[in-house]
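Here is a short report for a reader new to this structure.

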Amino acid sequence: MDEIILMKLGELVLKGLNRRSFEDKLIANAQRRLKHCGSFKVYSKQSTMYVEPKDDSCDMDAAWEAMKRLFGVVGLSRARACAKDKDAMLETAKTYLHEKLSTARTFKVEAKRADKTFPMTSIELAQYVGGELHDAFPNLSVDVHNPELTVHLEVRDYAAFVHADPEPGAGGLPVGIGGRAVSLLSGGIDSPVASWMMAKRGLALDMVHFFSYPYTSPEAKDKVIELARLITPWCGRLTVHVVPFTKIQEELRRSCPEELFTILMRRFMMRIACRVAYRVGAGALVTGESLGQVASQTMSAMRMTGAVCDLPILRPVVGMDKEEIVRIARKIGTFETSILPYEDCCTVFTPRHPRLRPLPGEIEAAEANLDIEALVDEAVKNIERIQVNP
């Protein structure tokens, strides 16, 4: 039988009567990710998901890379299926894992008997196969505590499976099972990480980016589109809503106190992001704000910026320091793009001394001379929508 991919489900197995909906969403997500890899059969049984190629044209390497980034899976292995017979499992291990068995110095065998009609216990099966492999490969010695190679045998309903050393999966919940949110995506390090973290918790995402041409360059916009593309292997396809923000920023500079500019700008961003959220059916906003990192991310400032929006604002990195955020950015592959030297709209007209703790009523007074609805309406009307695919 052909090589397949075995995937272990994470916290999905703890769900109750709605578990089937989580599994169905995970299977649908896997099938979408596998379309460019060939024709695969994807199904779930006994807390394990199976990705089985239907013909020899399937690209197993590409499928493996896609499944490593599938939220909802905690571990995965490339495995070979065989008959549910102890000698068939032994021969499959010898051939399928020959290279690993020939180069390892220490090993052990672990068996799992999900099919309780199989005549041997898990320990008996592991001892039998382990003893035969030890005789067949003189380079191997048994180490049950810290082996260099672990051979796994799984006896399941449909067949037995042989594999070695599973890799960790992406974890989390299937994208889309928790609804949809709109993420404010800048060109920095934090917002792609925040987007990734909320996708990991099961949210499908739309992105909003605020673009201030000619103060920010087309290269800055391209950088943000590239950041969105880099997280699509984890999140799936995305729409980036590019908001023309120049007129709003110029109006703020002309009409409002300089020290309040950053907070006023963020309030407009929240208003526009809420409009986009209502349009796409999203139930929350996501930001990359980290408490105390910059002037607009004090508690007082975040309270003022969030006050203009009646949707929940999710801030997954709010309690993380920069090193923690950078570590995740490197893991998901966005860091090198985030540090490219193209400035985004948040650096346009930056006040010399931004107000860290605005006084009650001060922000509303500064906005009194602005036609807020007209400015927001014009920005929303001229949004450019860009589809980004994995």
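**The disulfide**

This is a predicted model. One disulfide turns up in a search of the whole structure. Its partners are Cys274 and Cys309, with sulfur atoms 2.0 Å apart. Cys274 sits in helix H9 (residues 261-280), while Cys309 belongs to the loop between helix H10 (299-306) and strand S14 (313-314), so the bond ties together parts that are 35 residues apart in sequence.

**Two cysteines without a disulfide**

Cys37 is in no disulfide. Its nearest cysteine sulfur belongs to Cys58, 8.5 Å away. Cys58 is likewise in no disulfide. A disulfide needs sulfur atoms within 2.5 Å.

| Cysteine | Relative accessible area | Class |
|---|---|---|
| Cys274 | 5% | buried |
| Cys309 | 9% | buried |
| Cys37 | 2% | buried |
| Cys58 | 11% | buried |

**A buried arginine**

Arg113 is part of strand S5, which spans residues 106-113. Which side chain of opposite charge is nearest to Arg113? That side chain is Asp115, 7.2 Å away. Arg113 is buried and has no salt bridge. A salt bridge would need a side-chain nitrogen of Arg within 4 Å of a carboxyl oxygen.

Arg113 does have a polar partner. Its side chain reaches the backbone oxygen of Met120 at 3.4 Å. Met120 is also one of the residues in contact with Arg113, once neighbours within four places in sequence are set aside.

Methods
Residues are numbered from 1 along each chain as its sequence is written. This is a predicted model: local features need pLDDT of at least 70, side-chain atom pairs count only at pLDDT 80 or more; totals for chains, interfaces and linings use all residues. Side-chain values use heavy atoms; hydrogens and water are left out. Helices (H or I, at least four residues) and strands (E, at least two) are DSSP runs, numbered from the N terminus. Buried means under 20% relative accessible area, exposed over 50%, partly exposed in between (1.4 Å probe, protein chains only). Lys and Arg count as positive and Asp and Glu as negative; His and the chain ends are not counted. A polar contact is a pair of N or O atoms within 3.5 Å; within protein, one must be able to donate a hydrogen and the other to accept it, and residues adjacent in sequence count only if both atoms are side-chain atoms. Contact means heavy atoms within 4.5 Å.
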